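User: Hi! I am new to reading protein models. Could you walk me through this one?

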Amino acid sequence: MWEDLSISAFLAYKSILKGNRAVLILTPIVISFSIANLVFSSSLFTGMIHSLEGQLIDNLFSNILIEPQDDHTSITSIDEIVKNVSTIPGVVAVAPHYKTSAQFSFDPDKDNIHVTRRGYQVVGVDPIIEPHVTKISQSILEGRYLEPEDRDNIVIGAEVAGGGKGSFEKISLGGVNVGDKIRVTYAKGISREYRVVGIFKTGMDGIDIMTFTTRKEYEAVHGVTDSAHEIMVRLPSLGNEEKIISEIRALGYTKEKIGPWSSFSNFTASMSNSFGILNFITGIVSLVVACTTIFIVIFIHVVNKKRQLGILKAIGVSEKIIINSYIIQTLFYGFTGAFFAMLIMYGVANPYFNRNPLDMGFAKVKLLIEPFEALKSSTIILFASLIAGFIPAWVTVRQSIIKAIWG
């Protein structure tokens, strides 16, 4: 057995060394780009999902969201809830939010003529706790974030500000800058004038259309205290949400609606499924192209060496040894292609997209190469290459010696 394999390896070595230089160069290139295409598609789609999930967790839901029970509009005794939940091991921070809709008016010329009016959501937050739960404070485009004593100040999203800062000018106030004043009219006709101290931009339109005031300001305007419309719970990483939810329930909070971030967003699951389908289609195309190319290259290579194969059979070399020699050649091309594919992905594509992430409208997307996916893609292409290399070799050596030599 080992003697047969050594003969096959020797024949393969001589065939590669003395063979066509174009075959030696082009075959690994085709395989490498086929593998790189599979890995790139998978990494890009994974990066998209990861970026989207990051946006939802970092700026909209956090890891766990607590909402009022079904027959209530708000959660009461939140200071106690925040204190108790914060003691659970693994909880980084807990932040209550007030939320309401309001009418915004912007009069850039202060002439009551060119007034832009739009409706947006206002969120009341604690500026000290909030940066530990969401990353809005890290996404300031102009100006600054809220401070604890801010009462007449507001932070708005880029889609609210407009003036080229956001993507949808028609839904904006038409060009608000830091320092401008806007009037906000709440329910029951309560009206307040705020100075814009900061404009943030996360890159996700659904977040950048929000506005933020301090919790103190919200409570003073609406005459409420020690309550909230939602409570966000931040964890150090994903995957531990259900355990923490169980511990929150164990504290006696059984009536409130408590769920992980994923339960509040069907959009992520839908996008993940769509990307999965696209990734599958891209993979099939790459696989077919690789297999076809390798089959043609090796078939032509084998056909051009029919006489040599016939002579090998005539001097007693078995069909098995000849076929194994071509399988070894195919493995050489395959592993060489896989090596260059990883070199392309880790040495070129990954560093490039880390420095120049793709702007997908909802986030800046980087490649997220998963080693297991890269190994899987390489294995699939290698297996397909083996089949593509085996078939033409098997077909050719099955011919008679006379036909192989003189056909």
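**Helix H3 and strand S3**

Analyst: Happy to! The buried residues of helix H3 pack against strand S2 (75-76), strand S3 (93-106), helix H6 (215-222), strand S10 (227-228), strand S11 (230-234) and helix H7 (241-250); contact here means heavy atoms within 4.5 Å. Helices (H or I, at least four residues) and strands (E, at least two) are DSSP runs, numbered from the N terminus. This is a predicted model, where local features need pLDDT of at least 70 and side-chain atom pairs count only at pLDDT 80 or more, while totals for chains, interfaces and linings use all residues. Residues are numbered from 1 along each chain as its sequence is written, and side-chain values use heavy atoms, leaving out hydrogens and water.

User: Which residues of H3 are called buried?

Analyst: Buried means under 20% relative accessible area, exposed over 50%, and partly exposed in between (1.4 Å probe, protein chains only). In H3 (residues 78-86), Ile78, Ile81, Val82 and Val85 are buried.

User: Why are they said to line one face of the helix?

Analyst: Seen down the axis of H3, the buried residues fall within an arc of 100°, so they line one face. The arc is taken from the directions from the helix axis to the C-beta atoms.

User: What makes S3 "mostly covered"?

Analyst: In S3, 10 of its 14 residues are buried.

User: How do you know that S3 and S11 pair?

Analyst: Pairing needs at least two DSSP bridges between two strands. S3 and S11 have five, in the antiparallel sense, so they pair. Val94 has Val233 in S11 as its bridge partner.
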